[in-house]
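Dear colleague,

I am passing on the structure we spoke about.

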Amino acid sequence: MTLGQPAFSFEEAYTSVFLRRAFYSSTTLLAWVLICDRLFSFFDTSLRDLVFIGTFWGLLTLCLAFRLAAHQYESTVHLRAAYKWLALYAKWDHWILMATYSLGMMLVTHLAVSLAIPSWNLSLRIFIPNQRLDIPQLNLDALFIWSLGSMLGKIVSWRRILSERWVIRPTAVRQPVAFHIKANLMQIITEAWTISLFTLGTLWLVFMLFGGSVYSSMSQYTRYFFTILESPIIGFHWWHLFTLWRLLMIGSVLVFSFMLVDVLADGMFANMDQCIFEVHSGFNALPLIISSLAHPKNGLVKSTALSALTWWLPKSPQAQQLLFQSTYQDPPFVEFLKVVDKELLAISNRIKDEFKKDQKPAPADAAPSDATSAASSALQPPRIQLVDKNVYARRRHGHAKGLDDRTGRLASTWAATAEKWVPSPDVPLRTYVLNVVADTCAYIADLTAIGPAKTIALHFQHTKRRQMAHILTPSLDTIRVLQLLQVVIAVSVLNHVDENDVVRSNLTQVVNMLLAFEKQLDDYLKSPPAHYKLYADAPAESDIKLRQPAQLKRMLNDTFYLITQCFPEDLETLAVDEPYRDMWTTYLSQQ
């Protein structure tokens with residue numbers, strides 16, 4: 001089936017919704033900047049307020065643009081742990097990001113302090129009264145404010161880079177943006193307060209104890225531009241405790257604002273299912289989305305199309321009928337099966353390439369073999385042939401009449417495991433601190449047991465677990481395709497829209513295709529390629545967590561379970577291929 005060209009592409013609809021949500025995010029940041037301006041200047045209004053609002057809003061919008069430009073669904077798996085650190089700090093865009101945060105935070109901190117404490121002199125040079133030579137000195141208070149802003153910007157940018165905040169984090173429960181911000185409010189408030197208190201306390205001690213050394217080091221650079229005193233006469237005002245309290249409030253609010261950008265981006269752009277309403281206006285969206293899946297141009301758009309179709313298909317009776325509609329051409333369901341095979345084949349080819357590295361090169365005069373994948377051959381039309389015990393038949397008794405709805409689950413690393421380091425609004429602060437201390441002590445105990453030398457060496461070793469994770473890493477689209485396949489099968493049976501039995505006629509191909517992929521995945525995990533013995537076998541607690549196989553196996557198990565529950569009478573006539581009969585027998589015996 002060749003789908004016709006729609007009025008406009010799904011990519012254009014995605015771009016339209018993306019730009020609209022970017023505008024909403026920028027408007028939300030502007031409202032927050034106005035609130036910050038009132039927090040700092042209270043009831044006073046001056047030209048400084050306009051400068052602060054324009055500068056702060058522009059900086060937050062620029063950080064939002066950096067975040068959206070680097071969006072991706074899965075983080076990169078490096079073959080060595082040390083490579084992650086090298087990759088994070090060897091990219092020019094990360095250095096540009098750190099410079100933007102550092103300089104921007106320094107400027108915004110200066111403007112915020114000038115609004116909150118108008119009487120404080122923040123000029124670079126100050127003149128000492130009644131001095132005969134009339135030579136100024138550097139203002140240590142201004143140096144303290146600029147150092148505070150610069151350090152806050154560096155810490156926030158380092159935190160974003162280390163946690164890879166440009167990776168999209170879909171939530172298992174879809175909720176409005178306001179509720180998403182509310183759920184993360186306590187976390188970012190705690191982190192902002194902690195970062196501001198640590199930075200302010202450290203710099204305060206440095207300037208109080210080593211103010212003269214700081215002055216001398218800065219005077220070495222500024223003396224090329226103007227004449228200043230070699231040693232300060234007016235020192236750092238470290239005893240102004242009320243001023244320090246205001247600086248703590250200003251630093252916390254500014255750090256909170258930069259963290260709010262990431263939380264707002266997660267809430268706005270993690271679930272872009274609104275695109276389906278754009279493509280649905282004026283024409284049917286199903287052929288358009290399947291065309292985008294068959295010929296993807298952008299990975300983000302493709303993942304969004306899968307998520308949107310999984311959410312929208314059960315709610316659209318018109319799309320359900322069109323999915324199984326059969327005329328002189330193949331129904332869209334057959335086109336969708338090709339998309340499923342393409343996703344499974346992508347991982348299968350990477351696994352096959354790993355095994356090919358152990359094979360000896362064939363002689364020059366040998367005829368090349370035409371190797372085809374088991375998952376691809378499973379989609380070939382069935383041939384009539386004489387078989388002996390090729391049809392697996394088994395009488396099943398007592399099977400469940402109803403269907404178990406397992407299609408609403410979003411399988412992901414961030415939804416499958418709870419984050420212990422993120423404080424929940426329901427967890428008291430004392431419990432959170434005790435958990436952090438206990439985890440830190442356990443980590444130090446593990447390092448002591450392994451040994452410091454071996455621990456450092458493990459960061460530079462190519463481990464077997466990291467190699468497997470590297471091969472199976474682009475698995476989110478495969479998980480979403482399998483989830484969409486579950487939705488399609490459930491809809492065809494529950495809503496009785498498959499009048500031509502399109503799913504039933506292709507059921508053998510679907511089962512063989514999924515079994516072929518699972519067998520290849522099991523062989524790869526149980527009997528890795530021979531050259532994997534050269535890789536280090538690091539302890540599980542000090543190596544990357546291999547979650548992709550468990551996620552893929554879970555989605556395959558759910559798909560097989562749904563097939564056995566939806567088509568119990570067809571299990572006796574499925575022509576399961578010879579290599580997969582034992583696996584299929586195991587699945588049926590578990591029902």
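Predicted model: local features only at pLDDT ≥ 70, side-chain atom pairs only at ≥ 80, totals over all residues.

Residues are numbered from 1 along each chain as its sequence is written, and side-chain values use heavy atoms, with hydrogens and water left out.

The protein chain has 23 helices and two strands (DSSP runs, numbered from the N terminus: H or I of at least four residues for helices, E of at least two for strands). Of its 591 residues, 47% are buried (under 20% relative accessible area; exposed is over 50%, partly exposed in between; 1.4 Å probe, protein chains only).

In helix α22 (residues 548-566), 14 of the 19 residues are buried.

There are 15 salt bridges (a side-chain nitrogen of Lys or Arg within 4 Å of a carboxyl oxygen of Asp or Glu). One of them pairs Asp49 with Arg38 at 3.3 Å, N to O. Asp49 lies in helix α2 and Arg38 in helix α1, eleven residues apart. Asp49 is buried at 3% relative accessibility, whereas Arg38 is partly exposed at 35%.

Arg160 and Asp262 form another salt bridge, at 2.9 Å; this pair joins helix α5 to helix α8 across 102 residues, and both residues are buried. Arg165, in the loop between α5 and α6, and Asp266, in helix α8, are 101 residues apart and also form a salt bridge at 2.9 Å. Shared partners join Arg67, Arg160, Arg165, Asp262 and Asp266 into one network.

Regards

Note on methods. Expected span 1.5 Å × (residues − 1).
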